[in-house]
Every structure is written in structure tokens, then in C-alpha cells.
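Let's take a walk through this one together. Have the sequence and the fold side by side as you read.

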Amino acid sequence: MSLILLIMTVLLADLGIKSVIEEADPAEFPKELSGSRGLVMLHRNHNYGFPMGAFQNRPELVKHVPVAVLSAVAGIFFWIYPKKGLGVEKIGASLVLGGGLSNLYDRMKRGYVVDYFSVRAKGLKNLVFNIADVSIFLGAALLIVSEVIQTVREH
């Protein structure tokens with residue numbers, strides 16, 4: 001049950017923030033996130049493609065590929081969900097599902113994904129993303145690390 005809660009928390013938190021960003025005056029952006037001492041900037045970006053705008057000129061592809069990928073991740077999640085152990089894999093799949101569902105909702109409902117923050121650090125300054133993207137990245141990293149560890153143990 002806590003994994004479903006994790007999925008829903010990522011999904012609803014990200015959609016809630018996107019809604020607030022979308023309702024704000026576009027002239028307010030970019031702006032510094034208060035309390036971040038300039039480390040985090042808020043934006044109101046519309047991404048019509050994949051990360052960094054890839055394939056934005058192929059809207060049908062951008063809508064359908066995430067459906068296929070999320071279907072596969074959901075299949076993996078429901079396959080491992082009833083099994084004992086596999087905690088890292090379950091959390092990883094949950095994070096990918098929560099973030100993926102939020103971005104998929106954006107693509108289907110709005111026609112674009114709302115990206116709303118950047119971190120002012122070397123190499124990240126020009127990247128604007130959202131909590132869903134971070135969740136997908138962290139979930140995928142957990143799944144990959146778990147697989148690598150399992151492979152090393154077997155050999």
C-alpha cells in the first residue's frame with residue numbers, strides 16, 4: 001500500500017505544482033525560489049518534445065512512446081509487487097510510474113509537459129525540469145543499480 005501512496009504522492013504533488021505554475025502570470029518567470037539563496041530558479045516552460053525538446057516536431061511519437069514505456073513499467077511493477085523482497089526495485093518502479101504518469105497526463109491533456117525549475121549548478125543551469133523528471137531519473141537509477149548489483153553477485 002505504501003508503494004501506491006508513493007506513486008500518488010509524486011503524481012499529485014507534481015501536477016499540483018504544475019497547476020500553480022500554469023495559473024501564474026508568465027511575466028513573473030524566471031524568478032528565484034524564495035529561501036534558495038539563488039540556487040533554485042522557477043520557470044514556466046512548455047516542453048512539446050522529449051527531454052531537452054527532442055522530437056518536438058513529432059507530436060504523435062511524443063505521445064505514444066511514453067504510453068508504451070509506462071505500460072511496460074506498470075507491468076514490471078505489478079509483476080514484482082506481490083513478491084517478497086525486491087524493495088529497491090519496487091521503490092524504483094514506483095518513482096518511475098509516479099513521475100511518468102504526471103508527465104503523460106501533461107502530454108495528453110495539455111499537449112506539452114510543464115517544466116518549472118532549474119538548479120544553478122555547473123552543467124545544470126540551462127536544464128529546466130520538474131519533480132516528475134527527478135522522480136523518473138531517481139527511479140531508473142535505483143532499477144539500474146539494483147540490476148548491476150544483482151549481476152555482480154551472480155558472477
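**A tour of the model**

The protein exposes about 9,600 Å², and carbon and sulfur atoms supply 67% of that area (accessible areas come from the Shrake-Rupley method with a 1.4 Å probe; for residues, only the protein chains shown count as cover). Bear in mind that this is a predicted model, where local features need pLDDT of at least 70, side-chain atom pairs count only at pLDDT 80 or more, and totals for chains, interfaces and linings use all residues. Residues are numbered from 1 along each chain as its sequence is written, and side-chain values use heavy atoms, with hydrogens and water left out.

Now for the fold. You'll find 4 helices and 3 strands, taken as DSSP runs numbered from the N terminus (helices are H or I, at least four residues; strands are E, at least two). In sequence order they read α-β-β-α-α-β-α. The C-alpha trace spans about 55 × 35 × 30 Å along its principal axes. Of the 155 residues, 37% are buried (buried means under 20% relative accessible area, exposed over 50%, partly exposed in between, with a 1.4 Å probe and protein chains only).

Between H1 and strand E1 (31-32) sits Pro-30, joined to Phe-29 by a cis peptide bond with omega about -5°. Move on to the loop between E1 and strand E2 (40-47) and there's Arg-37, a non-glycine residue with a positive phi near 55°; Arg-37 is exposed at 82% relative accessible area. Phe-55, in the loop between E2 and helix H2 (59-80), also isn't a glycine, yet has a positive phi of about 60°. Its relative accessible area is 44%, so Phe-55 counts as partly exposed.

Next, the aromatics. The whole structure holds 6 aromatic pairs (rings of Phe, Tyr and Trp, the last by its six-membered ring, pair if their centres lie within 6.5 Å; planes under 30 degrees apart are stacked, over 60 edge-to-face, the rest tilted). One of them joins Tyr-116 and Phe-117: the ring centres are 5.7 Å apart and the planes at 45°, so this pair is tilted. Both Tyr-116 and Phe-117 are buried. Elsewhere, ring pairs link Phe-77, Phe-78 and Tyr-81 into a cluster.

Phe-78 and Tyr-81 turn up again with Met-1, in a nonpolar surface patch of about 380 Å² accessible area together. Patch members have over 30% relative accessible area and no salt bridge, with nonpolar side chains (Val, Leu, Ile, Met, Phe, Trp, Tyr) joined within 5 Å and like charges within 9 Å; a salt bridge is a side-chain nitrogen of Lys or Arg within 4 Å of a carboxyl oxygen of Asp or Glu. Met-1 comes in the segment before helix H1 (2-23).
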